[in-house]
Amino acid sequence: MSALATLTRASLSKDLRLEWRSKDAINSMLFFALLVVVIFSFSFDPTAEESRRIAGGLVWVAFLFAAVVALNQTWARELRNQVLDAYRVSPAPANALFLAKALGNFIFVIVLEAFMTPLFIVFYNLRALGAAYQLLIVSALGTWALVVNGTFFAAMSLRTRSREIMLPLLLFPISIPALLATVEGTTAILTGDYSPKFWIVLLAAYNVVFTTACLLLFDKVLNAE
Amino acid sequence: MLRRAFPILGVLTAALLSYGLYEALIGAPIEQSMGEVQRIFYYHAPSAWTAFLLFTVNFVASVVYLIRRSIKADILALVTAEVGVVFCTVVLVTGPLWARPVWGIWWTWDIRLTSTLVLWLIYVSYLMLRRFSSSGQTPLMAAVLAVFGALDVPLVYFSIWFFRTQHPQPVIGGGGSIDPKMLQVALINWAAFLCFAGLVSWSRYRLELLQREVEETEALEALLDSGGAP
């Protein structure tokens, strides 16, 4: 267990340091999400009342698309110099690598959300009518739901032709319940019309189910010949 | 033996399908409130049952593949996914055709409609993965995706269940009451569809098996040729 933790931390800190120096993923995600926000903003031009109802959907569609940009880059740098092959022959547990990648992506997308949320508030004149602190819970759970499967499917699509397009094709259908829960939970909090509790429970269940599945099956995917 | 049985089974299936069609269009009584439109139900519901059964077989075959790495389980998974998507498409097309005159709308985000649509999307992505992935790892990736898809189904169901449902209660295992003759016609059609699906899956299975043998032989020959060259 401690070997897993040590390896995860080592791998995660390596990824974070690489990202801190290059800022490839964050920059591309931020600019992409900014473009989506601006385009949505003048496509709809909603009133404050309308925007509360549709903002949940818009925000998460923007984050989803931006997250795919980062997820596609996750494993690419490990292919150079056969890093992934070296990892495969080493005795390190595969799950340490997976957890480090998933946590790394989680941090990137959370940073993206922290930067983008003020912009959304400005462009759409948002003010939550429900309990705003619950947005933090919904965001954290929803983001993990996206990145845990996203990291897994990105590893799977490494072995396909045209892998950049393969990731969303695999990720989006499976993510539909998580997306629905995140969007509906956000809308519930923004409008204050009903309680987001059901959606939070659903997201938690989704995360438990798929995190377990990813950890159980990642070894097979990494070592597939 | 099996090859000789195929035409006989084909004729039997065709006869059963014709009988099912006759019963659906003429034999079954007219539904009181919906009228003739309701007859599409005899194609809609049996197709749905067949598709769900095929997807279940796909899931079981995928799990067997993950445990045993048997090629036959992989081919079975591929075949049931392909035929299942076809039946699922029939469900998704006949559903709106029925809903427009009866509900007044083509589509609604109802629990069974949406779950079926999501299931269809998952299996289309499954077939896309099989097509795009490089040959050696395809079976494993596909089996993993099938497991993820199966895990997703209850979550999809619960997430959409939270909205009020508009679909008529399922006739089997549900509270809805149905004329025994109607149920009988639906079951005849289901039997016909199952035979048809089984027959198509079988010939597709044989084809895929042969295809893989051919590919293997070709790869072997290429290897031998390159080995013989100076």
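**Notes on a predicted two-chain model**

1. To start where the chains meet: 26 residues of chain A are in contact with 25 residues of chain B, contact being C-beta atoms, placed from the backbone, within 7 Å. On the side of chain A that touches chain B, the elements giving two or more residues are helix 8 (163-191) and helix 9 (197-222) of chain A. Helix 9 of chain A gives the most, with 10 residues. That side of chain A divides into 20 nonpolar, 2 polar and 4 charged residues. Here Ala, Val, Leu, Ile, Met, Phe, Trp, Tyr, Cys and Pro count as nonpolar, Asp, Glu, Lys and Arg as charged, and the others, Gly among them, as polar.

2. A word on ground rules before going on. This is a predicted model, in which local features need pLDDT of at least 70 and side-chain atom pairs count only at pLDDT 80 or more, while totals for chains, interfaces and linings use all residues. Residues are numbered from 1 along each chain as its sequence is written, and chains are lettered from A and ligands numbered from 1 in the order in which they are written.

3. Chain B has 6 helices and 0 strands; helices (H or I, at least four residues) and strands (E, at least two) are DSSP runs, numbered from the N terminus. Among contacts in chain B with a separation of 6 or more, 76% join residues 24 or more positions apart.

4. Now look at how helix 2 (residues 41-68) of chain B packs. Its axis and that of helix 3 of chain B are 7 Å apart, at an angle of about 155°, with axes fitted to C-alpha atoms over the stretch in contact and angles running from 0 to 180 degrees between N-to-C directions. That makes the two roughly antiparallel (over 145 degrees; under 35 is roughly parallel, 65 to 115 roughly perpendicular and the rest oblique). The contact between helix 2 and helix 3 of chain B has 20 nonpolar, 9 polar and 2 charged residues.

5. Thr80(B) sits in helix 3 of chain B. Is Thr80(B) buried or exposed? With 27 C-beta neighbours inside 10 Å, Thr80(B) counts as buried. Beyond its neighbours within four places in sequence, Thr80(B) is in contact with Leu54(B), Val57(B), Asn58(B), Ala61(B) and Ser201(B).

6. Helix 2 of chain B also packs with helix 5 (residues 138-161) of chain B, at about 130° with axes 9 Å apart. That makes this pair oblique. Residues meeting here include Asn58(B) and Phe59(B) from helix 2 of chain B, and Pro139(B) and Ala143(B) from helix 5 of chain B. The contact has 9 nonpolar, 2 polar and no charged residues.

7. Finally, back in chain A, the axes of helix 7 (residues 133-157) and helix 8 come within 9 Å and cross at roughly 170°. Helix 7 and helix 8 of chain A are therefore roughly antiparallel to each other.

Terms used. Two residues are in contact if their C-beta atoms, placed from the backbone, lie within 7 Å. A residue is buried if 20 or more other C-beta atoms lie within 10 Å of its own, exposed if 12 or fewer, and partly exposed in between; C-beta atoms are placed from the backbone.
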